[in-house]
Amino acid sequence: MSTSVTVIGLGPMGRAIAGAYLDAGHRVTVWNRTPGRADELAARGALRAATVEEALAAGEVVVLSLTDYAAMYAVLEPAAAALEGRVLVNLSSDTPARAREGAAWAARHGARHLTGGVQTPPSGIGSKEFDTFYSGPRDLFEQYQDVLEVLTGTDYRGEDPGLAALYYQLQMDLFWTTLTAWLHMLALADANGIEPSEITPYAAGVLGGMGQFLDFYTPRIEAGRHAGDVERISMAVASLDHVVRTTRDSGADPALPAAVLETFRRAAAEGYEEDSLTRLFEVFGRGAAA
């Protein structure tokens with residue numbers, strides 16, 4: 001069944017979202033501060049709203065694809081009177097606390113709010129190979145699940161509106177640090193005359209094997225077992241010290257591995273040098289070093 005959908009925010013992700021709904025036969029209204037970003041979608045049949053109020057009124061479901069929740073307030077607060085009875089699906093990135101505040105703000109204006117965390121770049125929108133985290137009222141999620149699944153698969157995390165944002169940020173924590181480590185690897189390789197295309201297959205091999213480590217260590221972490229029977233923090237300190245020295249000798253920037261090495265040394269100084277590196281789970285959980 002066709003549902004009227006409004007998409008507010010037409011960056012690359014917003015345009016992909018609106019395009020997916022058009023392809024699926026939904027009635028689509030779009031709004032963006034820069035009207036020209038709607039040209040291609042309008043040519044495909046989307047309705048271009050002249051105002052935010054008009055955009056809100058047109059959609060049974062209003063999908064927000066904005067930079068963050070501050071951008072949501074900037075766009076919607078002047079049109080708050082038009083929020084009564086609206087369903088907001090907020091796919092903007094922000095912290096769990098701000099997602100909770102945003103859901104409460106929407107409720108005060110008579111709207112219902114689902115938080116979303118999209119786990120794909122715009123190119124993956126429209127594919128069930130990817131998922132989006134959702135949290136908020138279960139009945140609201142279930143009512144519109146088929147509409148949400150036009151975009152990606154759905155992974156409902158619970159009633160707390162902050163949960164989808166939390167799960168998304170957990171993914172980003174891993175993604176950005178891993179990608180940055182790869183880029184540092186390339187820079188170090190380049191400093192030694194090795195092309196990215198030559199070293200990247202080895203990087204892919206390392207990353208491809210990481211799942212086995214995660215599966216092995218997760219039950220140990222949950223049980224509070226950090227025995228150094230496979231590897232030890234003292235070994236990690238020595239190994240990463242070699243990486244830092246190699247980076248300096250090569251004339252590349254050692255700041256990234258040096259920061260990780262400092263974390264390893266902190267754990268060793270706390271008496272964990274003969275424990276597994278998984279002991280960092282507890283060290284990180286205690287917060288930053290004094």
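Predicted model: local features only at pLDDT ≥ 70, side-chain atom pairs only at ≥ 80, totals over all residues.
Val-89 has Leu-114, a residue of β6, as its bridge partner. The strands β5 and β6 run parallel and are joined by four bridges. β5 covers residues 87-90 and β6 covers residues 112-118. Of the seven residues of β6, six are buried, so this strand is largely enclosed by the rest of the structure.

The chain has 290 residues, and 43% of them count as buried. Its secondary structure consists of 13 helices and eight strands. Taken along the principal axes, the C-alpha atoms fill a box of roughly 60 × 45 × 35 Å. Among contacts between residues at least 6 apart in sequence, 60% join residues that are at least 24 apart.

The largest nonpolar core has 31 residues. Val-89 belongs to the group with the most contacts inside this core, together with Val-7, Ile-17, Tyr-21, Val-30, Val-63 and Leu-91. Both β5 and β6 are among the elements that give two or more residues to the core; the others are β1, α1, β2, β4, α6 and α7. Which element gives the most to this core? It is α1, with six residues.

Leaving aside neighbours within four places in sequence, Val-7 is in contact with Gly-14, Ile-17, Ala-18, Thr-29, Val-30, Trp-31 and Val-63. One of these, Trp-31, is included in a second, separate core of 23 residues. Ile-8, Tyr-69 and Trp-105 are also included in that second core.

Arg-220 sits in helix α10, which spans residues 210-223. Is Arg-220 buried or exposed? Its relative accessible area is 10%, and buried means under 20%, so Arg-220 counts as buried. Apart from residues up to four places away in sequence, Arg-220 touches Arg-225, Ala-227, Asp-229 and Val-230.

Definitions and conventions
Residues numbered from 1 in each chain as written. Heavy atoms only, no water. Buried < 20%, exposed > 50% of the residue type's maximum accessible area, 1.4 Å probe, protein only. Contact = heavy atoms within 4.5 Å. Core = buried A, V, L, I, M, F, W, Y, C linked by side-chain atoms within 4.5 Å. Pairing = 2+ DSSP bridges.
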